[in-house]
Every structure is written in structure tokens, then in C-alpha cells.
Amino acid sequence: MTGLLDPREAHHAHFSLGLQQAAQARAWETLARAAAMIEPGMNDLDGKAIVDQAILDSGAERLWHASQVRFGPNTLLPFGEVPAAPHVLEADDIFFLDIGPCYDGHEGDVGSGFTLGQVPAYQNLIEDSKAVFAAVKAHWAETGANGPELYDFAKAEAAKRGRTLALEGASGHRIGAFPHRVHHSGKLKAFGKTPSPACWILEIHLIDQALKAGAFYEDML
């Protein structure tokens with residue numbers, strides 16, 4: 001499915017698929033530990049401090065990107081946009097975390113939405129973000145679709161579920177041994193070839209304006 005290697009998909013000489021997969025697995029473990037410490041009464045800044053400490057405690061060598069922590073209505077905002085004000089989490093609320101720790105010289109990059117309390121609408125939104133991710137990944141495996149086609153497909157899958165796919169700052173990117181940016185810093189959405197395995201992160205950011213909330217999910221393609 002991959003054909004000849006595109007220079008934008010090159011890896012460093014020290015790249016190891018096993019270490020890359022292990023970095024992803026460790027990042028997911030770290031994300032879960034951090035999410036379990038998020039409680040009502042905290043705001044986005046409190047959450048970021050908790051996340052960054054969890055990453056430090058996990059033995060990560062460094063961050064390859066700053067942690068993204070969004071609470072409540074701030075989950076609607078595009079990546080890179082600074083919230084006008086931190087949101088204080090309520091007993092029934094929504095949030096998402098996105099972390100980029102490095103382990104053994106390889107970049108982990110994972111993100112997911114979470115809820116406090118039992119609000120079905122929030123839980124459904126988070127499940128939809130995971131379902132769209134799974135559908136896009138399956139579409140890639142079945143058809144060999146390129147980056148633009150994958151995100152067109154993601155947009156359609158989001159619409160089927162009554163959601164909007166937010167692409168600003170969340171349209172996929174390279175991953176690999178640190179720093180992958182030496183080889184390519186562009187977006188998956190703009191990659192006009194079939195993406196190779198273990199080279200790319202697929203990002204899905206769904207928003208629901210009526211609910212005033214968003215959900216995010218990302219993992220290695």
C-alpha cells in the first residue's frame with residue numbers, strides 16, 4: 001500500500017517501529033492517569049499543570065508539543081487559540097486532553113475526550129469522535145485514500161452523526177523519532193498520497209454548537 005517512500009515520510013536512522021508503538025502505548029497510559037485526576041472545580045490551567053506533571057512522572061524525556069487541555073465550552077475552540085477565560089469544571093461536564101511526550105527518542109501523540117458525571121449528550125459526542133476516527137482508519141486501510149480524501153471522508157462521517165468536523169489545527173501530522181519535523185511539518189490533510197503506516201497521526205475534532213461542546217480523538221494511523 002505504501003509504494004516508494006516519499007521523502008516527507010522519511011524516518012531518522014534511529015527510528016524503531018517497536019519503540020514508536022511503545023511510545024504510543026506509554027502516552028495512552030499517561031493520558032489515562034492524568035484524566036483520572038481531573039475533578040470538578042478545576043479550570044483549564046489547573047488541568048494543564050496536572051497533565052504536565054503526569055507526563056514528567058511517567059519518565060518522558062521531553063514534550064515534542066505543548067499539552068492541550070480544554071474544559072467545557074473551550075473544547076469548541078480551534079487548536080492554538082487561547083481561550084478568553086479558563087472554564088471551571090462542573091460536576092457534569094466535558095473536557096479533552098492532548099499530549100505529546102517523548103519516550104526512548106520517539107514521539108508519542110494521543111488525545112481523547114472525557115466526561116465528569118453522567119450527561120448522555122457529552123458521552124455520545126465523545127463516542128462519535130472515536131467512531132469517526134475508526135471509520136476513517138478503516139477507510140484508509142480498505143481504499144488507500146490519500147490525506148485530502150481521508151478528511152473529506154471524515155467530514156462526511158461527522159455529518160452523518162450531526163456533528164461538524166473542525167479542521168483548523170486538527171488535520172493530522174507526521175509522527176516518528178524525535179524530531180519528525182526535520183523531514184516534514186505539513187498536515188495529513190494536505191498529503192496527496194496514500195499515507196504509510198506508523199508515519200502519521202490522524203486527528204478528529206468534532207464540535208456541536210447546539211451542545212456548546214467539542215470532542216477530540218487522535219492516534220497513530
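I took buried to mean under 20% relative accessible area and exposed over 50%, with partly exposed in between (1.4 Å probe, protein chains only). The model is predicted, so I note that local features need pLDDT of at least 70, side-chain atom pairs count only at pLDDT 80 or more, and totals for chains, interfaces and linings use all residues. Residues are numbered from 1 along each chain as its sequence is written, and side-chain values use heavy atoms, leaving out hydrogens and water.

**Cysteines.** I looked for disulfides (pairs of cysteine sulfur atoms within 2.5 Å) and found 0. Cys102 is in no disulfide, the nearest cysteine sulfur being that of Cys199, 16 Å away; this is too far for a bond. Cys102 is buried at 1% relative accessible area, and Cys199 is buried at 3%.

**Helix H2.** I used DSSP runs, numbered from the N terminus, for helices (H or I, at least four residues) and strands (E, at least two). Asp44, Gly47, Ile50, Val51, Ala54 and Ile55 are buried in H2. They lie on the same side of H2, because their arc around the axis (taken from the directions from the helix axis to the C-beta atoms) is only 135°. The buried residues pack against helix H1 (17-36), strand E1 (62-71) and strand E2 (93-103), contact meaning heavy atoms within 4.5 Å. On the face turned away from the buried side I found the exposed residues Leu45, Leu56 and Asp57.
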